[in-house]
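Have a look at the picture while I talk, and stop me if I lose you.

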Amino acid sequence: MNNELTTMHEIAMEFVDEARLAKKRGDHHTTRLFFQKALNLEKLVALGIPKGNTYQLTRSVFFRSAASIALNCACYVETIQLVELAIASNPHPAILPELEELAKLAKEQQNLAERRRKVTGRLIAADLPNH
């Protein structure tokens, strides 16, 4: 892995640390911003790792990291997409179960979020424009 990717990863992890500190303070807006910044960098790192057996474990770890960050900032679709990209690039067997677990968690959280948004009840009245 080259120095640029290493530096980007280190900065991404600093953003994750900042996000966690903001979360402890209850600052949800800052938390999301730092997780999003971390996600953008970590995704670039994962995509920058060469394909092939030589870097299989490294690439798998960075895809797992990016997917985990995506899950932390409630980017459920992106979490699933990152896991799918990782699986399509032949992940290391030791990391595959963790990737699958991240996808499962993202789908569960996505379903939960959709249920929270779902409007239920009985319509009593509605205002419609007269045409």
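Predicted model: local features only at pLDDT ≥ 70, side-chain atom pairs only at ≥ 80, totals over all residues.

Is Arg64 buried, partly exposed or exposed? Its relative accessibility is 23%, so Arg64 counts as partly exposed.

Now, what does Arg64 pair up with? Its side chain meets that of Glu98 in a salt bridge, with 2.6 Å from N to O. Glu98 sits in helix α5, residues 96-117, and Arg64 sits in helix α3, residues 56-72, so the bridge ties together parts that are 34 residues apart in sequence. Glu98 has 36% relative accessibility, so Glu98 is partly exposed as well.

How many salt bridges does the structure hold? Two. The other partners are Lys43 and Glu78, and their closest N and O atoms are 2.3 Å apart. This pair also links distant parts of the chain: Lys43 belongs to helix α2, residues 28-48, while Glu78 belongs to helix α4, residues 76-88, and they are 35 residues apart. Now look at the accessibility. Lys43, at 23%, counts as partly exposed. Glu78, at 18%, is under the 20% cut-off, so Glu78 counts as buried.

Okay, on to the greasy part. In soluble globular proteins, nonpolar side chains tend to be buried together. Here, the largest nonpolar core has 34 residues. Which residues have the most contacts inside that core? They are Phe35, Ala38, Leu39, Ile69, Leu82 and Val83. And each of the helices α1 (3-25), α2, α3, α4 and α5 supplies at least two residues of this core.

Let's zoom in on Phe35. If we skip residues up to four places away in sequence, Phe35 touches Val16, Ala19, Arg20, Ile69, Asn72 and Cys73.

Ala19 is on that list, so let's go there next. Ala19 lies in helix α1. How accessible is Ala19? Its relative accessibility is 0%, so it counts as buried. Leaving aside neighbours within four places in sequence, Ala19 is in contact with Thr31, Phe34 and Phe35. There's also Thr30: the C-alpha atoms of Ala19 and Thr30 are 6.8 Å apart, although the two residues are eleven places apart along the chain.

Thr30 itself is in helix α2. With a relative accessible area of 18%, Thr30 is buried.

α1 and α2 have axes 8 Å apart and pack at an angle of about 160 degrees. That is over 145 degrees, and therefore α1 and α2 are roughly antiparallel to each other. The crossing of these two helices is left-handed.

Next, α2 and α3. Their axes come within 9 Å and cross at roughly 160 degrees. So α2 is roughly antiparallel to α3. This crossing is left-handed too. Which residues make the contact? On the α2 side they include Phe35, Ala38, Leu39 and Lys43, and on the α3 side they include Phe62, Phe63, Ala66 and Ile69.

As background, most residues other than glycine have a negative phi. Which way does Ala74 go, positive or negative? Ala74 has a positive phi of about 60 degrees, although it isn't a glycine. You'll find Ala74 in the loop between α3 and α4. At 39% relative accessibility, Ala74 counts as partly exposed.

Then there's Asn90, which is not a glycine and has a positive phi of about 60 degrees. Where is Asn90? In the loop between α4 and α5. Asn90 is partly exposed, with a relative accessible area of 46%.

Okay, that's me done. Who wants to go next?

Conventions:
Residues numbered from 1 in each chain as written. Heavy atoms only, no water. Salt bridge = Lys/Arg side-chain N within 4 Å of Asp/Glu carboxyl O. Helix = DSSP H or I, 4+ residues; strand = E, 2+ residues; numbered from the N terminus. Buried < 20%, exposed > 50% of the residue type's maximum accessible area, 1.4 Å probe, protein only. Core = buried A, V, L, I, M, F, W, Y, C linked by side-chain atoms within 4.5 Å. Contact = heavy atoms within 4.5 Å. Axes fitted to C-alpha atoms, helices over the stretch in contact; angles between N-to-C directions. Parallel < 35°, antiparallel > 145°, perpendicular 65-115°, else oblique. Left-handed = near helix turned anticlockwise from the far one by under 90°.
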